[in-house]
Amino acid sequence: MRRVRLAAMLVIALLLLFGEPWSVFVLLPGWPVAGTVVGTVVFAAVMVGFPLLMFRGHGPAQSDAAARAGDVLLGSIWVLFTWSVLGHVLRLVLALSGVDDPARPRIVAGAVLVVSAVLLVTGNRIAMRVPPVKEVDVVIPRLGAGVDGLRVAVITDTHYGPIDRTKWSERLVAELNRLQADVVCHAGDLADGSVAKRRKQVDPLGGVQARLGRFYITGNHEYFGEAQAWLDHMTTLGWDALHNRSTVIERDGDGVLFAGIDDPTGATSGLPGHGPDLPAALDGVDPDLPVVLLAHQPKQVTQASEAGVDLQISGHTHGGQIWPFHLLVRLDQPTLSGLTRHGDRTQLYNSRGSGFWGPPFRVFAPNEITLLTLRRSA
């Protein structure tokens, strides 16, 4: 029965995603019969082929070619669906303005097509660019004078995957090194796939320079593949893998504790010792030290606040990645992006991420490299 329910949900989702654009582009404009038949056949064929591409691309076969095609199709149909729904507003405006059929639905179809095409083209350019630097000051009153002004560069959600982004990775490293940060952090979702398949794209990260430390934690996507292998590989690249543990960095006689915990999916991964364990990460630390915690999902801030963490750095949300998907993300997470306060002491900085998952598009959710400057006072 569970499989039947899942199959039924999949069919309903496909009918909605493809059926709404089909109605806007094929059914309502009143094309000649031949055009309607051809358009219907095309939409039906793509709808049937889509789940097959996604299964072959992201299932056991791990075909990068199928994954690329399926991901592009997923992003495209989501944008077409969204703007097809919004097209009904335009249809109402045209009707109230006295525009008659068949001009009205054809104007709507043309407008939806143009808007969707523009968003997909610009969204791809944004997704594939080296992210711009977003600078944010974070006031942590417990900072010692020696670490006042500490500069922490953050990348997250690089999602190295079916599209070869080795050159992008090299340019990302160059931009990070230009910042001359004291600390560089990767807050999880490093890659999709095995170390053997993705190391070419990941290995440029070994060239990241930081004065005091480079820290990495797992995200949920590591647990879809080889979480421990990625922890080990990042260690060989010179990064400090904060696998439910912490380390102190010091400057001019003062220190900051950098701690990291696993993504919650690690608890059900079957890997011994995986899953978030904040008490273990903070065990035996000096209670007077300010604490910066790397935790992939923003919702982990609840536990961080209870533990008195000063600053949690997270990713995971991608800022929604393709509007209006952020509405679904907010059902699961307390924030999409930016700096927020949780309780008396704890602040959360949630990055929109540096890369993208799946569809190579970012619509109204730009990527970022974040440069956090820790300060004792505003």
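This is a predicted model: local features need pLDDT of at least 70, side-chain atom pairs count only at pLDDT 80 or more; totals for chains, interfaces and linings use all residues.
A charge sits over a ring if NZ of Lys or CZ of Arg is within 6 Å of the ring centre and within 35 degrees of the ring normal. With that in hand, select Arg165: its charged end sits over the ring of Trp168, 4.9 Å from the centre.

Residues are numbered from 1 along each chain as its sequence is written, and side-chain values use heavy atoms, with hydrogens and water left out.

Next come the aromatic pairs. Rings of Phe, Tyr and Trp (its six-membered ring) pair if their centres lie within 6.5 Å; planes under 30 degrees apart count as stacked, over 60 as edge-to-face and the rest as tilted. By this rule there are 7 aromatic pairs. Trp83 lies in helix α3 (residues 64–96) and Trp323 in the loop between β9 (311–314) and α10 (326–329), 240 residues apart. Helices (H or I, at least four residues) and strands (E, at least two) are DSSP runs, numbered from the N terminus.

Then select Phe215 and Phe258, a stacked pair at 5.2 Å centre to centre and 25° between the planes. Phe215 belongs to strand β4 (residues 213–216) and Phe258 to strand β7 (residues 254–260).

Last stop: Trp78, Phe81 and Phe325, which form one aromatic cluster.
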